[in-house]
Amino acid sequence: MGTLRRVRMIPMRSRAFAWAAILPAVAMVTAIGRGTGADATTIGFFFLVVVLGLAAWGGWAVGAAASVAAMLCFNFFFLPPFGTLAIAEPAHWVALLAFLAASTLASRLVATARSQAVEAQRRRREVEILYDLCFGLFTVSQRPGVLGDAAARTLQAIGAEAGTLLIDGVGPPVSVIGDERLEIDSALLERALESREVVATTPAGLRTAYIPLQVGGTLNGVLVARGPLASRSVLEPAGRLLALAVERERLLAESAWLEGVKESEALKTSLLRAVSHDLRTPLTAMGLEIESLDRQLADRPEALASVRGLSLERERLARRIDNLLALARLEAGVARPRPEPVPPGSLFRAARESLSSILDGRPVAARVEPRCPDLWTDPSLTLEILVNLLENAARATPPKEPIELDAARDPESPERVFLEVRDRGPGLPPSVRLWRGGEFTESASGGLGLRIARSFAETNGGALVLLDRPGGGTIARVILPAAPEEVT
Amino acid sequence: MSRPNPLILVVDDDPSIRQSLVRELALAGYDAVAAADGVEGKAVFEERRPDLVITDLAMPRADGHAVIAAVRRVDQTPVIVLSVRGEEEDKVRALDLGADDYVSKPFSLRELLARVRTQIRRSGAGAAPETFRFPDLEIDRGRRTVVQHGRDVRLTPTEFAILELLAAQAGRPVTLRQIIATVWKGAPATTTDTVRVHVGSLRRKIEPDPANPRYIGTEPWVGYRFLAEPL
């Protein structure tokens with residue numbers, strides 16, 4: 001790949017031959033005409049053909065000279081009075097003009113065809129250069145980190161002997177090819193950046209071009225090239241191709257980063273799963289043994305009381321583990337809600353079942369307002385909210401004190417549902433009062449449960465509010481979106 | 001196979017769970033055998049052909065999903081999965097593979113035994129009856145009528161098909177995918193939201209208190225379970 005040849009209408013050597021061929025060709029036609037005794041009209045055509053041929057070969061000047069020579073011979077040898085150069089009849093002037101016109105026309109046509117062929121050839125070379133470049137940039141290497149390589153290919157393709165790639169955002173300037181460092185003219189660079197067009201100069205006979213790299217309206221660098229460079233019509237698309245390569249490099253780097261993020265999330269998820277399984281399996285075994293003991297000691301009330309105590313502690317431990325895992329999921333960013341319509345009644349039932357030992361014997365009244373819509377929420381996360389609130393209420397109140405669960409449509413906004421856990425305990429602890437003011441500071445394990453409940457409520461597009469209950473106690477109100485009324 | 005007591009295979013890699021389950025199942029009147037992982041579980045299943053399989057999901061070598069697939073290649077022996085709270089995808093995958101039910105660790109023995117009883121009863125029952133009878137609910141499959149507490153309930157064909165599917169599987173969780181496969185014949189445009197819309201309207205028609213369902217329970221992230229016991 002190198003510079004393109006200059007466009008030349010007709011090669012010099014060819015033209016010289018054509019000039020040299022005029023006299024022999026005209027002499028030959030004259031000889032044939034005299035030898036065969038053909039009539040003037042036939043000979044005239046013959047001369048015309050020769051003039052056309054010479055014009056096509058040597059261009060207009062050769063054609064004109066040939067037509068003068070042909071006219072002279074035609075006149076001298078074939079038109080009466082023979083042997084003189086007098087043009088006696090106007091018809092012979094017509095013959096001369098016809099020769100001239102024919103040669104002019106032919107040479108013009110040939111010249112046009114020739115220049116089109118040369119132009120086509122030049123375009124083909126340009127396309128070849130760009131195609132090779134395209135192939136080199138986008139199919140040969142798919143590895144990231146080959147920007148220098150890509151720029152070197154581009155520089156070679158456009159015929160540069162030295163070059164430098166200036167990139168924004170991907171890395172430091174890369175000196176790509178050539179032994180000496182290229183002097184960067186900051187004024188020219190500025191002009192290229194501003195105009196977003198190739199800026200070329202020829203100081204000391206060396207052509208230097210500043211090729212802006214832009215794709216989709218964004219400028220992502222400049223390629224500085226020096227040497228016998230290809231024409232502007234190659235430099236511009238080459239710049240675009242390299243810009244695409246730079247852009248691809250950026251996208252590859254980005255996707256590698258995303259891949260890393262995804263992998264670390266997958267790792268966190270699988271770690272949490274393993275921990276979850278490993279912690280819950282012994283709890284299950286413990287539970288099974290406790291149930292077995294419970295059955296075996298049915299006739300020994302004092303032993304049975306110990307077993308019940310064990311059962312309660314096991315359930316508490318299970319709750320702590322649930323909470324810690326829930327918190328870990330939240331902090332690892334892998335607790336993503338999957339909302340579905342959930343009837344509040346089934347949540348209340350599940351929450352009570354989850355805390356069977358902790359709520360042992362305590363009256364828990366669940367009430368769902370008659371026209372209360374379903375919730376639009378993630379059922380597992382919402383159950384976690386309720387279980388935490390219910391457990392907090394159980395902890396805050398004496399063992400036999402009733403707890404109420406209540407579900408109702410938000411009276412002020414029908415798209416929301418209130419789920420409430422109401423107790424008759426001592427009311428809001430001071431730390432929680434602070435939290436209501438936006439400065440929640442954690443206190444012991446109750447704080448952990450509240451924090452999880454609040455986070456999960458927010459994750460589900462809702463909120464948690466703690467209120468003093470009229471007449472003493474606390475209302476923990478979870479505000480969640482209502483499921484849309486289905487069209488049937 | 002004629003046995004005096006149903007034979008139950010327990011597959012779990014945790015020795016204490018394995019031992020307690022075998023012991024408790026024996027006390028509850030079943031014969032029980034145990035296997036320590038999926039590979040052993042498949043071998044014992046081939047050899048003994050138990051009446052029911054209880055399998056953990058996360059195990060070394062072959063996991064619970066492999067056990068379910070191996071059982072389903074042979075026959076319809078009921079499979080109950082021991083899953084872990086919060087790992088709903090595993091549960092759904094197990095149910096879609098053909099597991100019949102699940103309990104989540106930490107589960108209680110009472111819970112597990114109730115599921116075992118339901119499954120043993122279901123597998124012993126013959127073809128589904130012409131009419132499903134539940135407390136205050138009668139579903140006549142031939143005449144395609146539903147009577148709830150003495151009043152006729154008018155259902156759309158889709159609602160009836162969903163109710164029929166859930167009632168036929170009473171006590172067993174049915175995944176959203178299974179509902180789409182049966183009721184919509186797996187029509188590609190059917191989404192889980194479509195199913196939920198129809199179940200919502202079905203609930204409003206048959207449930208005395210739709211906010212507190214008595215018949216159609218929601219299985220979080222999984223699908224639905226018909227709650228009432230057949231009469």
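User: What makes the five strands of chain A an open sheet, and in which order do they stand?

Analyst: In this predicted model, the order is 7-9-10-12-11, with mixed pairing. Strands are DSSP runs (E, at least two residues; helices are H or I, at least four), numbered from the N terminus. Strand 7 (364-368) and strand 11 (463-468) of chain A stand at the edges with a single partner strand each, so one side of each lacks a neighbour in the sheet.

User: How do you know that strand 10 and strand 12 of chain A pair?

Analyst: Pairing takes at least two bridges found by DSSP. Strand 10 (residues 416-422) and strand 12 (residues 474-481) of chain A have seven, and run antiparallel. Therefore they count as paired. F418(A) stands opposite I479(A) in strand 12 of chain A.

User: Why is helix 10 of chain A said to touch strand 9, strand 10 and strand 12 of chain A?

Analyst: Contact means C-beta atoms, placed from the backbone, within 7 Å. Helix 10 (residues 379-396) of chain A touches those strands, so residue pairs meet that cut-off. Its direction makes about 30° with that of strand 10 of chain A. Axes are lines fitted to C-alpha atoms, for helices over the stretch in contact; angles run from 0 to 180 degrees between N-to-C directions.

User: What makes up the contact between chain A and chain B?

Analyst: It takes 32 residues from chain A and 30 residues from chain B. Helix 7 (232-296) of chain A gives the largest share of chain A's side, 13 residues.

Residues are numbered from 1 along each chain as written, and chains are lettered from A and ligands numbered from 1 in written order. Local features need pLDDT of at least 70 and side-chain atom pairs 80 or more, while totals for chains, interfaces and linings use all residues.

Terms used. Contact = placed C-beta atoms within 7 Å.
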